[in-house]
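Good morning, colleagues. Please take a moment to look at the sequence and the structure on the screen before I walk you through them.

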Amino acid sequence: MFDFFRKKKADECKEEKYIEKENVYKNDKLNEEENKEKLEKDLILNQKNIENTSDDVEENLGFFAKISKGLSKTREQFSSQLKNIFTANVKIDDDLYEELEEILISSDIGMKSTIEIVDNLKFEIKARSIKEPEKIFPLLKEIMIAKLDEKNLDNSLNIKDNELTVILVIGVNGVGKTTTIGKLANNLEKQGKKVILAAADTFRAAAIEQLDSWAKESNTPMISHKEGSDPSAVIFDAIQSAKSNKYDVLICDTAGRLHNKKNLMNELEKINRTISTHANKANKETLLILDATTGQNAISQLREFKNVCDITGLILTKLDGTAKGGVIFPLQVELEVPVKYIGLGEGINNLEKFDSKSFVESMF
Ligand SMILES: Nc1nc2c(ncn2[C@@H]2O[C@H](COP(=O)(O)OP(=O)(O)OP(=O)(O)O)[C@@H](O)[C@H]2O)c(=O)[nH]1
Ligand SMILES: [Mg+2]
């Protein structure tokens, strides 16, 4: 009898041990799977951290450092020429002022601004009794910044909380309109704005796909129709969508156009009518994109476009590829249109708000 119970007890013990073992095994297996999953997650996180680090390095490079890096060609030319004339024992006389004028003009600063900058410099050197050439650099910077700010223009975009802003982006072919829209959308998204894009360049083959890839990269929705359709109809739809989904900013890409091409300018007029009729309460910006590498040509483009439409601001692109950065002076001071952003490269993070102080500092 006892034997029977003893055997039963032993069997139960065996069974318990077996269950225990099985549980340990199952737990081990679970742990192993969990560990594997955790390890995979860690790997992905590490990978992301590595990727983020390189993005962050770019982002954290700092506002001034980024502008300074982007303007290296302008600085190389401008600053090295200045250093050549402002040597330790230089005499501050008319020859020096003449040489300075030449340098400013060769940097695309323009005749009018150059003469005024040099006149102000002469005046201040006399008034402050400056004798040492090393004191001229900071003074010249100060005068150049004051020149850029002379007209007291508002360099920020007309964007207000809880209100829709419609930004129409225009310019001649290939200046960087679509690329700038991608960068701007990304920039505004990062500031917490809800942005939507309108693919109103229905003219050029692949223009819609190009904007679409920027929309994806900047995490922004895009409204588009078929190639060849009416750009105003795209903008109409985009405005409806922006209004009903409470977007903060609608940015409209348009086909490259010359001011003297009648049909394209009529099309622009129709686009403007669509915006003012269907987004009449919205804040509006018409941004002209100018390619800095074209130097003086950019000035004539602004002149021509100003005659046919109301330009509220400029974005100067490709400053990274040119020594003609000084062209900002005639654009903003003489033609009195504020530069709102500058393009300093092809990547999504290469668009910076324009600010006269950091710009002039980066020229030296
Ligand atoms: N280096 C540099 N390249 C730029 C910059 N902005 C634009 N680009 C380049 O300029 C070229 C033209 O850019 P797009 O954005 O297609 O110009 P677009 O004005 O939309 O051209 P269309 O639609 O054909 O009129 C592309 O190769 C861009 O990468 C910039 O700030 N720096
Ligand atoms: Mg384009």
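I will begin with a residue in a loop. Asn 219 has 11 C-beta neighbours inside 10 Å, and it therefore counts as exposed, since the limit for that class is 12 or fewer. Please bear in mind throughout that this is a predicted model. Asn 219 lies in the loop between α8, residues 207-217, and β3. Its backbone deserves a remark: phi of Asn 219 is positive, about 60°, although the residue is not a glycine.

Ser 129 is found between α5 (111-127) and α6 (136-148). Its phi is near 50°, again a positive value in a residue other than glycine. Ser 129 counts as exposed because 6 C-beta neighbours lie inside 10 Å. A further positive phi, near 70°, belongs to Asp 108, which follows helix α4. Helix α4 itself covers residues 94-106, and its 13 residues reach 18 Å from the first C-alpha to the last, close to the 18 Å expected at 1.5 Å a residue.

Let me now turn to the protein as a whole. Its secondary structure comes to 13 helices and eight strands. Of its 364 residues, 37% count as buried. Among contacts with a separation of 6 or more, 77% are between residues 24 or more positions apart.

In what order do the strands of the open sheet stand? The order of the eight strands is β3-β2-β4-β1-β5-β6-β7-β8, and the pairing is mixed. The edges are taken by β3 (222-223) and β8 (351-353); each has a single partner strand, so one side of each is left without a neighbour in the sheet. Helix α10, residues 262-278, packs on this sheet and touches β1 (165-170), β2 (195-200), β4 (249-254) and β5. The direction of α10 makes about 175° with that of β1.

Are the residues of β1 buried or exposed? Six of its six residues are buried. In a regular strand, side chains alternate between the two faces of the sheet. In β1, Thr 165, Ile 167 and Val 169 point one way, whereas Val 166, Leu 168 and Ile 170 point the other way, and all are buried.

Strand β5 (residues 283-291) pairs with β6 (residues 313-317) in the parallel sense, over five bridges. One point on this pairing is Ile 289, whose bridge partner in β6 is Ile 315.

Ile 315 brings us to Tyr 341, as the two residues touch. Tyr 341 has its place in strand β7, residues 339-343. It counts as buried because 23 C-beta neighbours lie inside 10 Å, and the limit for that class is 20 or more. Leaving aside residues up to four places away in sequence, Tyr 341 also touches Leu 184, Leu 351, Glu 352, Lys 353 and Phe 354.

A contrasting residue is Glu 304, placed in helix α11, residues 296-308. Glu 304 is partly exposed, as 13 other C-beta atoms lie within 10 Å. Its C-alpha atom is separated by 6.2 Å from that of His 259, 45 residues apart along the chain.

I shall finish with ligand 1. Which residues come nearest to ligand 1? Of the 21 residues around it, these are Gly 176, Thr 178, Thr 179, Gly 256 and Gly 343. By class, the shell around ligand 1 has three nonpolar, twelve polar and six charged residues. Helix α7, residues 177-190, gives the most to this shell, with three residues.

Thank you for your attention.

How values were computed: Residues numbered from 1 in each chain as written. Chains lettered and ligands numbered in written order. Predicted model: local features only at pLDDT ≥ 70, side-chain atom pairs only at ≥ 80, totals over all residues. Helix = DSSP H or I, 4+ residues; strand = E, 2+ residues; numbered from the N terminus. Expected span 1.5 Å × (residues − 1). Pairing = 2+ DSSP bridges. Contact = placed C-beta atoms within 7 Å. Axes fitted to C-alpha atoms, helices over the stretch in contact; angles between N-to-C directions. Near = placed C-beta within 6 Å. Nonpolar A, V, L, I, M, F, W, Y, C, P; charged D, E, K, R; others polar.
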